[in-house]
Amino acid sequence: MAAYILRRLLALIPVLLLVSVTVFTIVRVSQGDPSLLLVGEEGNRELASRIREELGFNRPIPLQYLDWLGHVARGDMGRSMRLPYPVNQLIADKLLVTLELALLATLVSIAIAIPLGLYAALRSGGRGETAVTALTAVGVSLPNFWLGILLIFAFSVSLHWLPSSGFSPLQQDLLGHLKLLLMPVFTLALANAAIFTRLFHTSMAEVLWQDYIRTARAKGLGQWGVLVGHGLRNALLPLVTAIGVHFGRLLGGAVVVETIFGIPGLGRLMVEAVTGKDFTVVQAMVLYLTIVTILSSLMVDVAYAYLDPRIRYG
Amino acid sequence: MSQHSGLWTLPQSLTIGSLIAGSIVALAVLAPAIAPYDPVRVDPGALLTPPGPAHWLGTDDIGRDLFSRILHGARTSLTLALAAVLVSSLLGSAVALASGYWGGPVDMVLMRIMDGFLAFPGLILALAMISFLGASSLTIVLAVGIVATPGLARITRSQVLIERQRDFVQAATVVGATDARILLRHILPNVASLIVVQASLNLAFAILTEASLSFLGVGVPPPAPTWGTMLRAGYSYLEKAPWVAISPGAAIFLTVLGFNLLGDGLRAVLSPRGR
């Protein structure tokens with residue numbers, strides 16, 4: 001197992017190198033001289049040439065890449081081109097906010113998916129299954145930005161139950177914090193809830209046809225004993241993979257959700273970096289995201305081996 | 001997912017999906033004939049009018065008729081999405097055919113690249129590409145198309161792997177057919193239904209992604225009305241005039257739902273025959 005994990009971690013290196021070359025090249029080729037970008041289109045030419053000299057933008061591109069890579073390898077992602085902070089500090093400040101949002105959304109989507117999927121599997125061929133299938137079709141098709149706006153309209157504008165946007169740190173005011181997160185978390189969770197429900201429905205329906213379920217029933221185990229003791233355990237495996245795969249992708253949803261609800265997280269940072277042409281931030285986020293997605297898929301594979309004793313990695 | 005038997009009982013998703021998707025395409029095509037107003041005409045006398053007999057869906061902050069804008073927006077959104085689907089279908093099928101047919105190092109390299117793309121959230125990838133290339137209709141089509149490519153390539157490749165082993169492909173190889181002929185005449189027709197299903201689901205994805213980009217402010221530049229930009233503009237008037245944001249969102253939702261159901265239904269109908 002340890003050897004397997006080590007091999008997977010080593011495989012990260014070529015992937016990251018490839019991604020870094022691609023990102024660096026695209027930024028340089030499409031944006032041209034970064035020193036002009038720093039002083040602005042109408043900026044001082046003399047200042048631009050001094051920056052160029054000082055920061056080494058006049059050297060050959062491959063050399064600049066190696067220089068940049070050297071810093072990146074030591075964890076130094078450079079400074080933001082828009083704000084007076086190092087990129088790493090900007091990202092670290094927002095990381096926890098988005099992480100909390102993503103974790104809560106994952107929990108909510110699992111809490112929706114397991115009962116609904118189980119219900120549909122038990123009502124196979126009946127109205128209950130049709131209703132859940134229709135619900136999931138609506139769930140995957142609802143645009144998150146529209147759902148967010150509808151929720152704000154219903155619960156903030158009309159009913160005045162919840163604040164429409166903003167963010168207050170957890171330590172200051174726990175209740176206010178949760179109230180502010182309620183709508184964003186649900187908005188972020190819904191699409192995944194629909195995907196997980198479909199998946200869990202299918203895997204549960206398959207498991208219920210297995211011989212060991214019939215055996216469990218035949219030996220007189222009650223409905224819940226069969227479902228929890230034998231059904232759930234086996235049907236959960238595909239869901240574990242899906243959760244791992246979709247966790248990294250939640251950042252895509254976070255971009256939209258954080259924008260609507262005014263949450264200062266990574267998603268908003270990404271949008272601001274893109275619209276403000278802050279390429280050092282975009283570069284760093286793409287690299288970090290690559291690492292996170294690869295590590296989360298590794299974690300899923302390892303979790304799999306623990307959940308299913310038949311799986312062994314050599 | 002729904003239970004159905006034989007060819008006579010079409011899955012419900014196919015019926016409902018083609019109805020919704022068909023009506024929306026028809027409305028988009030007929031937009032200039034149906035739209036009661038010019039979608040870009042400003043009417044200072046009718047700012048933020050609520051829905052009513054004169055303006056079915058109301059007007060926006062500078063008095064433009066929302067119903068007409070949504071109809072014309074359908075043309076923009078559907079055209080962009082169709083173009084993106086075309087890009088992803090061509091790229092994805094090419095990758096799948098090459099990868100599945102030749103295997104070996106070709107397969108290795110192509111699939112690693114596809115996995116790399118698949119690992120990213122689609123919206124982030126599209127955002128990053130557009131930030132580097134600048135926002136225009138062309139870059140949006142390319143970005144959305146490229147993001148939708150790896151999924152299609154992966155699924156189609158697995159079917160190519162199966163088809164490659166079939167007797168008629170072996171026979172064609174034996175009689176000396178060229179690779180190009182085998183790929184285009186023998187394998188492609190057998191994976192075509194799979195590509196069509198993916199294309200329909202990708203159309204829903206493309207509409208959603210394009211609208212998200214427009215909503216985030218990196219969409220097609222004005223004045224062309226797109227559903228995402230309309231929603232973004234309406235968002236600021238949510239308290240005074242909720243209809244401005246709600247109706248374009250409903251249009252996006254219905255269209256995405258229609259094409260998703262169509263894709264699901266097509267898959268249910270086409271996949272048993274493919275085997």
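I'll start with helix α4 of chain B, which has 12 residues and reaches 16 Å from its first C-alpha to its last, close to the 16 Å expected at 1.5 Å a residue. Keep in mind that this is a predicted model.

Is α4(B) enclosed or open? Of its 12 residues, 10 are buried, so α4(B) is largely enclosed by the rest of the structure. The buried ones are B:G122, B:L123, B:I124, B:L125, B:A126, B:L127, B:A128, B:I130, B:S131 and B:F132. After the helix comes B:G134, with a positive phi, near 90°.

Now the packing. Two packed helices are described by the angle between their axes and the distance between the axes. For α4(B), residues 122-133, and α5(B), residues 137-164, the angle is about 145° and the axes are 9 Å apart. The crossing of α4(B) past α5(B) is right-handed. On the α4(B) side, the contact is made by B:G122, B:L125, B:A126, B:M129, B:I130 and B:L133. An α-helix has 3.6 residues a turn, so residues three or four places apart point the same way. From α5(B), the contact takes in B:T139, B:I140, B:A143, B:V144 and B:V147. By class, the residues of this contact are nine nonpolar, two polar and no charged.

Next, the two chains together. How many residues of chain B are in contact with chain A? There are 36, and they meet 38 residues of chain A. The elements of chain B that give two or more residues to that side are α3 (104-119), α4, α7, α8 (227-235) and α9 (243-274). The side of chain B that touches chain A has 26 nonpolar, nine polar and one charged residues.

On to the core. The largest nonpolar core has 143 residues, and those that touch the most other members are A:V255, A:M270, B:I124 and B:L127. Helix α7 of chain B, residues 179-215, gives the most to this core, with 18 residues. Take A:M270 as an example. Leaving out residues up to four places away in sequence, A:M270 touches A:V255, A:M285, B:I124 and B:L127. Back on α4(B), both B:I124 and B:L127 are on the list of buried residues.

Last, a contrast from chain A. Helix α9(A), residues 211-218, has eight residues, and the number buried is zero, so α9(A) lies largely in the open. α9(A) is followed by A:G220, where phi is positive, near 95°.

To recap, α4(B) is largely enclosed, since 10 of its 12 residues are buried, and α4 is among the elements of chain B on the side that touches chain A.

Technical notes: Residues numbered from 1 in each chain as written. Chains lettered and ligands numbered in written order. Predicted model: local features only at pLDDT ≥ 70, side-chain atom pairs only at ≥ 80, totals over all residues. Core = buried A, V, L, I, M, F, W, Y, C linked by C-beta atoms within 7 Å. Buried ≥ 20, exposed ≤ 12 C-beta atoms within 10 Å, placed from the backbone. Helix = DSSP H or I, 4+ residues; strand = E, 2+ residues; numbered from the N terminus. Contact = placed C-beta atoms within 7 Å. Axes fitted to C-alpha atoms, helices over the stretch in contact; angles between N-to-C directions. Left-handed = near helix turned anticlockwise from the far one by under 90°. Nonpolar A, V, L, I, M, F, W, Y, C, P; charged D, E, K, R; others polar. Expected span 1.5 Å × (residues − 1).
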